[in-house]
Amino acid sequence: VSMKREWKFGEISLVGLKRHKRTYILFCQSLLWLMLKTYILQVLGRFSGYEELDIKVVDKTITTKLVCEAIKKAVVEDAEIILYVPESLIILLIDDFEEVLDYLRNIQSLEKLFKEEVLNSNLLGEDFKLRVIKSAGLYREKSNRYKLYFDNSLNNIIIYLFLDLLTFRDARIIADISTGQNFYVIALLEALRHILTYRKLENIFNREWRTEITLSTIPPVIESGSNKRTPRLVNFSELDVKVFFEYPLKTITERGKTLISLGDFISQELDEDRRVQKIGELIEKFGRDFKKIKEILQLCKISFNAIKYNAPLCFYEPEIINLKKYDVDEALNLLKRILEYVEEERRISIGEDNNVKIERTPLARTTIINTFLTISLFKSIRESLNHLNTKRNPTLTELRGSFDKIYSILGLQLNQTFLQREINNIIRVSDNLKDGEEKLYGELLGEQPGRPQDPKRNFFAHAGLTYDTVLVRKELGEVRVRYEEEQFKKIREYLSRPL
């Protein structure tokens with residue numbers, strides 16, 4: 001909206017808003033919020049037994065069985081409802097043992113079965129989508145015709161919920177936690193925290209959070225009779241996470257190299273023989289392609305270090321940091337394919353008395369999620385700084401201007417101070433340079449300096465603008481800088497191990 005004219009929305013004047021910066025920012029955030037697609041999530045714990053309730057959402061009372069429908073009808077009519085249903089609920093619907101096996105082997109048919117049951121049970125009067133989530137634990141069919149044992153972990157369930165949430169782009173998510181077994185509600189909450197962290201890292205340089213998560217709940221329904229008609233107020237609370245500018249994969253680097261492997265995705269809790277077998281399968285199928293992910297993680301580490309430890313000129317030298325080399329979406333798709341393969345390889349075995357065991361490979365959630373988070377951070381760095389590779393020999397003004405805002409957003413004000421100090425030093429000694437002339441920074445100093453005792457420490461202490469690595473050139477009154485080509489390899493080694 002143009003600020004040159006006075007546009008009015010009701011009693012709100014944008015000209016007036018602009019005079020009050022804080023109000024103006026909140027107004028713009030509200031406009032962005034309105035543009036986000038809304039998803040309302042709810043976990044089901046059964047298909048029948050949900051009674052109609054009078055559910056009060058803000059100032060409207062809606063009679064319905066599920067809170068998600070009340071929220072949609074009351075405040076977000078264009079929202080998309082998504083029901084998460086554990087696969088174990090099949091015991092409530094199917095008593096034929098062989099038929100159960102068929103459904104467990106085909107998740108798409110199970111999803112269709114569950115959706116039909118929701119419709120037949122009149123749980124919802126609104127359109128909805130349904131996703132089947134993995135189960136864990138032992139479940140008995142009501143007539144004891146069979147038992148289902150899902151050999152699975154909470155970590156696995158969280159990982160695959162996270163994968164599903166990755167499909168929600170620029171989203172306002174309302175997650176109702178009024179129904180469902182606590183085990184699966186906890187899994188959803190953890191997955192939501194992970195996805196919010198992922199999205200914040202993805203936008204850490206512009207602070208435009210395009211994912212908002214709100215939790216909703218109503219008081220438990222424990223009374224009977226006429227008291228059931230007492231309106232139950234929906235309580236909303238924001239789910240938030242704090243994101244810091246840190247490298248997510250912290251403990252798996254040695255000599256500056258990222259040591260992550262496909263084997264790190266498999267939990268140490270798995271029997272050693274089976275673990276070795278599963279790792280071998282993954283390496284055979286994905287080993288060659290996984291090298292690209294390792295290279296991206298390593299490049300992210302170097303890029304992160306260049307920002308945190310204040311060596312901004314490195315981003316102008318593609319031989320040191322080449323952010324255009326890798327396709328982030330390709331890496332993310334590979335990670336998804338690896339996890340999908342692990343799920344496809346689940347084992348279904350039949351024991352005595354129709355005891356069915358659904359066995360899944362336990363995964364290392366911390367490593368897998370942190371790998372996703374690192375790629376998210378790399379994506380943010382790439383989108384913010386990859387244009388610098390085409391601007392070799394930046395002016396000192398360009399160098400400072402490109403990183404002032406970034407350092408300010410990340411809370412790295414000391415980096416700004418030290419960078420400005422080094423820029424001032426270079427400007428001072430470049431006064432005697434002729435236009436078009438280029439010299440090593442050290443040659444411009446009054447006295448020829450000796451070799452620093454600790455070159456790496458000296459490099460980071462001077463914002464990467466050291467007298468033994470930087471060439472200074474004057475062009476049309478502007479001072480431009482670049483690294484000597486002979487220094488590229490050494491500087492890259494510095495960035496791999498700054499400490």
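Residues are numbered from 1 along each chain as its sequence is written, and side-chain values use heavy atoms, with hydrogens and water left out. Because the model is predicted, local features need pLDDT of at least 70 and side-chain atom pairs count only at pLDDT 80 or more, while totals for chains, interfaces and linings use all residues.

The protein chain contains 15 helices and 20 strands. Of its 499 residues, 50% count as buried. A residue is buried under 20% relative accessible area, exposed over 50%, and partly exposed in between (1.4 Å probe, protein chains only). The accessible surface of the protein chain comes to about 25100 Å², and 47% of this surface belongs to carbon and sulfur atoms. Such areas come from the Shrake-Rupley method with a 1.4 Å probe, and for residues only the protein chains shown count as cover. Among contacts with a separation of 6 or more, 74% join residues 24 or more positions apart. Contact here means heavy atoms within 4.5 Å.

In soluble globular proteins, nonpolar side chains tend to be buried together. In this model, the largest nonpolar core has 162 residues, and L41 and I307 have the most contacts inside it. A nonpolar core is a set of buried Ala, Val, Leu, Ile, Met, Phe, Trp, Tyr and Cys residues joined through side-chain atoms within 4.5 Å. Apart from neighbours within four places in sequence, L41 is in contact with I82, Y84, L165, F168, I173, I174, A175, D176, L188 and L192.

Helix α8 also holds S303, which counts as buried at 0% relative accessibility. Residues up to four places away in sequence not being counted, S303 touches F315, I321, L323 and I381. The axes of α8 and helix α15 (residues 488-496) come within 8 Å and cross at roughly 90°. Axes are lines fitted to C-alpha atoms, for helices over the stretch in contact, and angles run from 0 to 180 degrees between N-to-C directions. The two helices α8 and α15 are therefore roughly perpendicular to each other. Angles of 65 to 115 degrees count as roughly perpendicular, those under 35 as roughly parallel, those over 145 as roughly antiparallel and the rest as oblique. Q298, I302, N305 and A306 of α8 make the contact with R492, L495 and S496 of α15. Three of the residues in the contact of α8 with α15 are nonpolar, three are polar and one is charged. In this division Ala, Val, Leu, Ile, Met, Phe, Trp, Tyr, Cys and Pro count as nonpolar, Asp, Glu, Lys and Arg as charged, and the others, Gly among them, as polar.

On the α4 side, D102, Y103, L104 and R105 meet I107, S109, L110 and L113 of α5. This contact of α4 with α5 comprises five nonpolar residues, one polar and two charged.

Helix α3 (residues 67-74) is largely enclosed by the rest of the structure, because seven of its eight residues are buried. The buried residues are V67, C68, E69, A70, I71, K72 and A74. The C-alpha atom of C68 is separated by 9.8 Å from that of I177, although the two residues are 109 residues apart along the chain. I177 lies in the loop between β10 (171-176) and α7 (182-202) and counts as partly exposed at 28% relative accessibility.

In strand β17 (residues 355-359), V356 is buried, with a relative accessible area of 2%. V356 touches F97, L101, K147, L148, Y149, I348 and S349, leaving out residues up to four places away in sequence. D353, in the loop between β16 (347-350) and β17, counts as exposed at 66% relative accessibility. Phi of D353 is near 55°, a positive value in a residue other than glycine.

Conventions
Helix = DSSP H or I, 4+ residues; strand = E, 2+ residues; numbered from the N terminus.
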